[in-house]
Amino acid sequence: MTSEPNATDLPEFDDIPDPVGSLGVRAAPRPPALNGEALQRSATRNRRVAALMLSVSWLAAHLTVYGLRADLASLPPLYIAVEIALPFALAAASLAVALGVGRLGLGLSIAALSALAILGPLSFWLMAAGAPLPRVPEANSDSWLGAFVCMDITLAWAGVPILCAALSLRRAFPVAAGFRSALVGAACGLFAGAVMNLHCANVDRFHMLLGHAVPVLVAVLVGAFVLRRTARA
Amino acid sequence: MNTVQPAAGATPIEVSPNPVGGSAELGPLDEAMSRYADGDETAFAEVFRGLSPRIQCFLQRLSGRRDVADDLMQETFLRMHRARGSFARGRSVVPWAYAIARNCYIDHTRSRSKLRLASGEGAELDVAAGPEASAEEAAFARRSALVVERVLAGLTVARREAFVLLRYEGLSVEAAAQVLGISEGAVKLRAFHAYEALRAALREGNS
C-alpha cells in the first residue's frame, strides 16, 4: 500500500513521458482579435479608488443624516469594541485580504481567504448574540417590525458598496474568485453592520441578529455567488 | 532566451526562461506584460509570442485535443487583454496566464458538462522521441505517450491539472497551489495520485 506524500517526499515525475511533446512544435499561432473593454492599470486603479470613496461617502452621508445613537457616550468600552470597532477592523481586513496581491500576483493564500471569510461574519453574529448587554433592552425592542426596518436599511447600506465593487473589480480575480468575492461582500456587509451599530441604539439580541447581522450574511452570499461572476478573470 | 525548435517549416519561437515560483527577478515577458497593462499596445505581440506556445501546450495537456487547445488559447489571451488592468505590478505574468488559461478550460468543461475526457477521443499526439531515435525507440515513445494520454484523460480534472502543472509546465508546488487556488499539500496529494496511476499504467504497458 502506498503511503500518502508528506511535505518533502513528493517523487520525481521525470519518468512520465509527455504526450504532447516539446514547446513550439507547430507554426506560430495568430493572436486573437482584441475586443471588449480593456482598461489600463491606471484607469482600473482610479475606478477602484472612486468606488471606495463613493462607498465611504454613501455610508458617511447616511450616518450623518440618520445620526449617531443617543447612548453612544454611555456605552461600556467593551461593547463599543466588539460591536463597532471590531466589525470595522474585520471589514477593513477582509477588503485588504481580498485585494491582496500575494507573492505571485494571484492573491493571498487560500487559507487566509477562507479563514477570514468565515471569521469576519461569524464574529459579528457571535457578538450580536453573545456580547454582554450594556443595559436591559427596552420594552418591545424585539419586535419584528423594528428588526425588519433595520435589516432593510442595513441591506441598502451594503448594497451600494457591493454595486461599486461589482463595477470596479471586473476580471480582478483569476484565482479563488468565489472566496475573494465573498470577502469583498463580507467587507461591505461588515461596514454596513458597523455603521448600523453606530446608529441603532437597540441592544436586544433578536433585533441585533435579524436587523444587523442577517444583512452581513446576505452580503457575503451576494459576494460569493453574484459578485464572483464579474470579478473572475 | 531559449529558442525552441519547431516543426519543419515553422518559425522558431523564443521562450523566455521566466522563473515561476522561484526567483523574484522579472523577465522580459513580465516587463512586456507590465507595459501592456500600462497601455503600451505594442507589447501585446511580445507577450503573445512568448507565452502562446506554453499556454497552448498546457491547454492541450489538459484537454487532450489540439483544436480545443487552440480555441481556449485564443480565449485565454482575450481574457488577459480584458483583465490587463488587474495585472499586479512587479509580478510574473506566467502564473497569471496559467490561472486564466485554467479558468478558460474549466468554463469549457462546464459548458460541455464533461469533467473527464473520453479516452482517445479526438486526441492528437506530438510525440518527440528525438531526431536520432531509432524506429523501435520511436514506437516505444509513441506507445508510452498513448498510455500517458489515456490515463491522463481518465483522471479527474483536479488531479490532471495538478500533475500537468508540476510535471510538464515546470511550476513549483507553491506556484501550482497559487494557480489552482488550493493548499500546497492538496497539490502534492493530487499530483501524487496522478503519478501513481500513470506509473502503474506505464509499468503494466511495458511488462
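## Stop one: the largest pocket

Begin with the largest pocket, whose volume is about 900 Å³. A pocket here is an open set of points on a 1 Å grid over the protein atoms alone, with protein on both sides within 12 Å along at least five of seven lines, while a cavity is a set of points where a 1.4 Å probe fits but cannot get out; lining residues have an atom within 4 Å of a point. Grid points are joined across faces, edges and corners, and a volume is the space filled by probe spheres set on the points.

Before you go on, note that this is a predicted model, in which local features need pLDDT of at least 70 and side-chain atom pairs count only at pLDDT 80 or more, though totals for chains, interfaces and linings use all residues; side-chain values use heavy atoms, with hydrogens and water left out. Residues are numbered from 1 along each chain as its sequence is written, and chains are lettered from A and ligands numbered from 1 in the order in which they are written.

Now select R48(A), L52(A), L95(A), L99(A) and L169(A): of the 42 residues lining the largest pocket, these lie nearest its centre. Next, colour α1 (41-66), α2 (77-99), α4 (144-168) and α5 (177-199) of chain A, the elements that each give two or more residues to that lining. Helices (H or I, at least four residues) and strands (E, at least two) are DSSP runs, numbered from the N terminus. Which helix gives the largest share of the lining? That's α1(A), with 11 residues. Colour by class and you'll find 29 nonpolar, eight polar and five charged residues in the lining of the largest pocket. In this scheme Ala, Val, Leu, Ile, Met, Phe, Trp, Tyr, Cys and Pro are nonpolar, Asp, Glu, Lys and Arg are charged, and the others, Gly among them, are polar.

## Stop two: the second largest pocket

The second largest pocket has a volume of about 310 Å³. Select A176(A), A177(A), R102(B), I106(B) and R110(B), the closest to its centre among its 17 lining residues. α5 of chain A and α4 (93-112) of chain B each supply at least two residues of this lining, and α4(B) gives the most, with four residues. By class, the lining of the second largest pocket has 10 nonpolar, three polar and four charged residues.

Buried means under 20% relative accessible area, exposed over 50%, and partly exposed in between (1.4 Å probe, protein chains only).

Zoom in on L51(B). Leaving aside neighbours within four places in sequence, L51(B) is in contact (heavy atoms within 4.5 Å) with L29(B), F77(B), M80(B), V93(B), V94(B) and A97(B).

## Stop four: the largest cavity and R171(A)

There are four cavities of 30 Å³ or more, and the largest holds about 120 Å³ of space. Select L39(A), T44(A), R170(A), R171(A) and R82(B), which lie nearest its centre among 13 lining residues. Its lining has three nonpolar, four polar and six charged residues.

Stay on R171(A), in the loop between α4 and α5 of chain A. Is R171(A) buried or exposed? R171(A) counts as buried because its relative accessibility is 18%. Show its contacts beyond four places in sequence: E37(A), T230(A), A231(A), R232(A), A233(A), R82(B), A83(B) and S86(B).

## Last stop: N140(A) and chain A as a whole

Find N140(A) in the loop between α3 (110-130) and α4 of chain A. N140(A) is exposed, with a relative accessible area of 65%. Draw a line from its C-alpha atom to that of D204(A), 64 residues apart along the chain, and the separation is 9.3 Å.

Finally, zoom out: chain A has six helices and zero strands, and 46% of its 233 residues count as buried.
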